[in-house]
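Biologist: Could you take me through how to read a few features of a model, beginning with a single loop residue and moving on to strands?

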Amino acid sequence: MNEEQNTPLNNDQDEFTIDYQAIWQKCIKHWRWFAASVLACLIIAFIYLRYTAPVYNVTAGVLIQQKDSKGSLGGLSGGALGMLSGLGGVSLSSSFDNELEIMQSRTLLKKVVTDLGLYISTAQRRITGYNIPLYKTSPIQVYMSPEEAAELESGVKIKTTYTPEGKLTAHIEYIQEEEEQEIEKTFDKLPAVFPTPVGVLSFTKNDSLLTEMRKEESGDIRLITYINSPIDVAKAYKENLAIDGGKKTTIAQVSLQDNDKQRAIDFINYLVVCYNQDILDEKSKVVLQTSDFIRERMEVVNQELSTTESEIADFKQKSGLTDLSADAQLVLQESAKYEQLRVENETQIRLVEFLRDYIQNPAHTDEVIPANVGLKEEKLTAAIDEYNSLLAERRRLLRTSSETNPAVINLNDGIQTMQKSIQTTVASTLKGLQITQNDLERQMRQFTDRISSAPQQEREYINLARQQEIKSRLYLVLLQQREENILSLGLTTDTGRIVEETLADNSPVGPKKKIVALAALFLGLCIPAGIIFLRDQFGTKMGSRSDIEKRTNIPFLTELPHNLLNQRDYLVVRENQNGPMEEAFRTLRTQLLFQLDTTDKVILFTSAQGEEGTTFVASHTAASLAFLGKKVVVVDMNLRRPGLPSCFSLSPDAKGMTDYLNAPKQVRLLDLVQPSAVHANLDILPGGALVTNSTELVAQEAFADAIRQLKEKYDYVILDTAPLPLVTDTVLIGRTADICVFVCRAGVTPKSACDYLNTLSREQKFPKLAVLLNDVETFGTPKVYGQQ
């Protein structure tokens, strides 16, 4: 035969190949494991579905109205928004994404939780199912102030039992100083107040709800209440809240998952209310700051106007004037155009100066700049609006983040840049107004020269009248702006508006019964399959043909099935029978003959350790060869532990090979051979009397001579030997064998035995080596071809 078949396996990659067909066969064989695993997983899934409260999804569409950020400052294209977007990639003028983040901020959610009392939840206790939430329908109300709840180390669990007699028993569990505490209290009547170390609890009853529940529960009413910190509840709602913005619209899709539909609907609706109120509060701050500024300026102007009017009255009284001369009236009429422009110019200058002083005042740092004060400079007004928007955006972002947030840092840079730009614009605007003022004064001097001949008293009167008109107009402008500022607050519309009604899905989104059932079925199949796979991959015992073939290149003969008869005192192979054992040994016989040359006659059977079926395989192989018409003798060469006598019902005291080897000249070998009752072509040569020097006996030339004698008479000589690694007898016996068949047993032989086989192959201890796997379990009752 080709010697390459006896070379050990050197390809490391083959060691990690997976025989999926073998694994499938093992799965079929262990079908009871799968049935039990699937049943157990389905039971667990049923219990999970039974005791898990359903979760419903509630959705709403909210329109987020955005302001137009128009205008630019100092030639900055796109205004502050475009400038800061270029700096940090962050949209700053009430950007849609920022509004969505603010809507789901913890600060806003905490306000919703606190106002709706969601930090206290009550449910009806049940033994055979999940607890039923009682949102606004609990007959027993439990209350703790939000301030006390905010100080809780952990949640408080309260189990209440209300009897038909009106008594309430409360079992309270809480954690204080990292230790679990329990308190139980019974109240004879309600309402009741119970001070505890973690806060004051109050218990009240709702008679109408109590009557409705009595219709369903005739006995005790068992409830369970959880009280948690509002911020912890807000965090939990934040995890279940999803707000997604549209790509082309500013309509946000708000969805919330909760165990109670109405609770989720109320949460979303009130969240929009709180969001609008938060924005309104920010706008109110700007309006109030502007109102304060206008009030201060009106007080100053009013005082100056009163002073001017007093001066006019004093002048007229001193000069005895009652009316202006006709010439002065004519001049004033001609200069009315320039006078009006001058008055307006003076008004704008005073407003810009007031605004400049306000901005430069350190007390107004990080405060909004009064916007609606009557300025006609559109660029400056737009810049102030942009600046106030940035400040409001910064305050709102700081509620959900810190000063180190990149968006806040970019906002700070933008605010500083905008503030400098406003100061520059104020300066340039004031300078332009002053230039206009000089030009108007030059024009007015021309008309003044025309009335230079008028009496000095009249000229003084004109100057005083001009000052009076300027201050009067300034006062009227401030008064008008104050009213417009107040009206702007009342005309403010909501930024967020629900455009799609808040609705809950009819069916729960979790737990999904079909998915849970499929997951349980899948897990039930995977657990035993994984066990089988891991046992196959990491087990230390051989279990299938692949365990041998991927560890050695020594020719593999066949797999022998498990002996269902479980009988060892007689042969299970019968002539002219087509049972599974007969077919298995026919396969072994065929494969073995392919390995032998025409001159090979001696076949040695051995194993790695005891109890692997070496004698069973050797005797049945001999019988199968005998059924083929070959003269076969089985020699019991396991001289330390003979097994053939029990297999062929021979006397354990029968003489055999040891008797011959002890006296080869006095004992005739062929006289020790005994016929078997299995077949006329099958003879048995027992091992003989037990000896202690078996190694020395098989090392003699007499043993080789005995094998020669048997080869002359028989077609095949079958040698049943001891386990190869345990004693050296088998190695010495192997020098007379033509092939060594290494018997492995499924579930018994360690996989490391293949390493020993590879060593034997490298050292060429035997002319030929082959291996087979014995006692392989098969699924069901094996059938053979032709069986009816």
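**From a loop to the strands**

Modeller: Glu153 lies in the loop between helix H6 (146-150) and strand E5 (156-162), where helices (H or I, at least four residues) and strands (E, at least two) are DSSP runs numbered from the N terminus. This is a predicted model, in which local features need pLDDT of at least 70, side-chain atom pairs count only at pLDDT 80 or more, and totals for chains, interfaces and linings use all residues. Residues are numbered from 1 along each chain as its sequence is written, and side-chain values use heavy atoms, with hydrogens and water left out.

Biologist: Is Glu153 buried, partly exposed or exposed?

Modeller: Buried means under 20% relative accessible area, exposed over 50%, and partly exposed in between (1.4 Å probe, protein chains only). Glu153, with a relative accessible area of 48%, is therefore partly exposed.

Biologist: Which strands make up the open sheet, and in what order?

Modeller: Two strands pair if DSSP finds at least two bridges between them. Here six strands form an open sheet in the order E3-E2-E10-E5-E6-E7, with antiparallel pairing; strand E3 (132-133) and strand E7 (179-187) are its edges, each pairing on one side only. Two bridges link strand E2 (residues 120-124) to E3 in the antiparallel sense, and Ala123 stands opposite Pro133 in E3.

Biologist: Why is strand E20 largely enclosed by the rest of the structure?

Modeller: Strand E20 (residues 739-745) is largely enclosed because six of its seven residues are buried. Strand E15 (residues 602-607) runs parallel to E20 and is joined to it by five bridges, with Phe605 opposite Val741. Six bridges join E20 to strand E21 (residues 769-776), also in parallel, and there Val743 faces Leu772.
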